[in-house]
Amino acid sequence: MSFLRSFPPPGSAEGLRQQQPDTEAVLNGKGLGTGTLYITESRLSWLDGSGLGFSLEYPTISLHAVSRDLNAYPREHLYVMVNAKFGEESKESVADEEEEDSDDDIEPIAEFRFVPSDKSALEAMFTAMCNSFILIGG
């Protein structure tokens with residue numbers, strides 16, 4: 001996917017709250033691989049073993065929850081809804097569509113699922129995000 005890029009993992013200087021290795025990332029139903037999820041005071045980042053990944057700023061995250069509904073997805077996970085498009089669709093094409101379709105107030109939405117190999121880590125992941133949202137006033 002074109003939005004994946006290389007960057008160093010966040011550290012304690014960035015307010016690292018939780019680091020969860022062996023976490024699968026899924027974007028809109030497409031698996032991105034297994035890597036490490038980093039929850040900091042200002043963003044959620046995921047990096048695969050080769051150092052490619054992405055960061056989600058908290059203001060773009062509209063919802064996060066622990067999903068245990070195996071009918072919705074076959075494994076328990078941290079569900080994150082983001083007000084943005086990722087992948088093949090560029091920001092320019094989304095902006096053009098919004099200008100042409102000004103009657104529709106539909107914002108672009110992306111659904112991420114973070115599936116840790118150790119599902120007992122889900123509560124800690126969720127709590128780390130909640131505590132970070134409180135810090136930024138989210």
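This is a predicted model: local features need pLDDT of at least 70, side-chain atom pairs count only at pLDDT 80 or more; totals for chains, interfaces and linings use all residues.

Colleague: How many helices and strands are there in the protein?

Modeller: There are 2 helices and 8 strands. Residues are numbered from 1 along each chain as its sequence is written, and side-chain values use heavy atoms, with hydrogens and water left out.

Colleague: What pattern does the protein follow along the sequence?

Modeller: The pattern reads β-β-β-β-β-β-β-α-β-α.

Colleague: And how much of the protein is buried?

Modeller: Buried residues are 40% of the 138 residues. Buried means under 20% relative accessible area, exposed means over 50%, and partly exposed is in between, with a 1.4 Å probe and protein chains only. The protein exposes about 7600 Å², and carbon and sulfur atoms supply 48% of that. Those areas come from the Shrake-Rupley method with a 1.4 Å probe, and for residues only the protein chains shown count as cover.

Colleague: What share of the contacts comes from residues 24 or more positions apart?

Modeller: Such residues account for 61% of the contacts with a separation of 6 or more. Contact here means heavy atoms within 4.5 Å.

Colleague: On to the strands. How many bridges join strand 4 to strand 5?

Modeller: 5 bridges join strand 4 (residues 43-48) to strand 5, and the two run antiparallel. Two strands pair if DSSP finds at least two bridges between them. Within this pair, S45 has S55 as its bridge partner. Strand 4 and strand 5 form a hairpin with 3 residues between them, and G51 in the turn has a positive phi of about 95 degrees.

Colleague: How is strand 1 joined to strand 5?

Modeller: By 2 bridges, with strand 1 (residues 5-6) running antiparallel to strand 5 (residues 52-57). R5 stands opposite G53 there.

Colleague: Now charges. How many salt bridges does a search of the whole structure find?

Modeller: The search finds 6. A salt bridge is a side-chain nitrogen of Lys or Arg within 4 Å of a carboxyl oxygen of Asp or Glu. One of them joins the side chains of R43 and E57, at 2.8 Å from N to O. That pair links distant parts of the chain, R43 being in strand 4 and E57 in strand 5, 14 residues apart.

Colleague: Which residues does R68 form salt bridges with?

Modeller: R68 forms a salt bridge with E76, with the closest N and O atoms 2.7 Å apart. R68 also forms a salt bridge with E123, where the closest N and O atoms are 2.6 Å apart. Salt bridges that share partners join R68, E76, K119 and E123 into one network.

Colleague: Why does E76 count as buried?

Modeller: Because E76 has 17% relative accessibility, and buried means under 20%. R68 counts as partly exposed at 42%, and E123 is partly exposed at 41%.

Colleague: Where is E76, and what is E76 in contact with?

Modeller: E76 is in the loop between strand 6 (61-67) and strand 7 (77-82). Leaving aside neighbours within four places in sequence, E76 is in contact with S67, R68, L70, V115, P116, K119 and L122. Its side chain also makes a polar contact of 2.7 Å with the side chain of R68. A polar contact is a pair of N or O atoms within 3.5 Å; within protein, one must be able to donate a hydrogen and the other to accept it, and residues adjacent in sequence count only if both atoms are side-chain atoms.

Colleague: Last one. What does E123 touch?

Modeller: Not counting residues up to four places away in sequence, E123 touches V66 and R68. E123 and V66 are 57 residues apart in sequence and 7.4 Å apart in space, C-alpha to C-alpha. With R68, a polar contact of 2.6 Å joins the two side chains.

Notes:
Helices (H or I, at least four residues) and strands (E, at least two) are DSSP runs, numbered from the N terminus.
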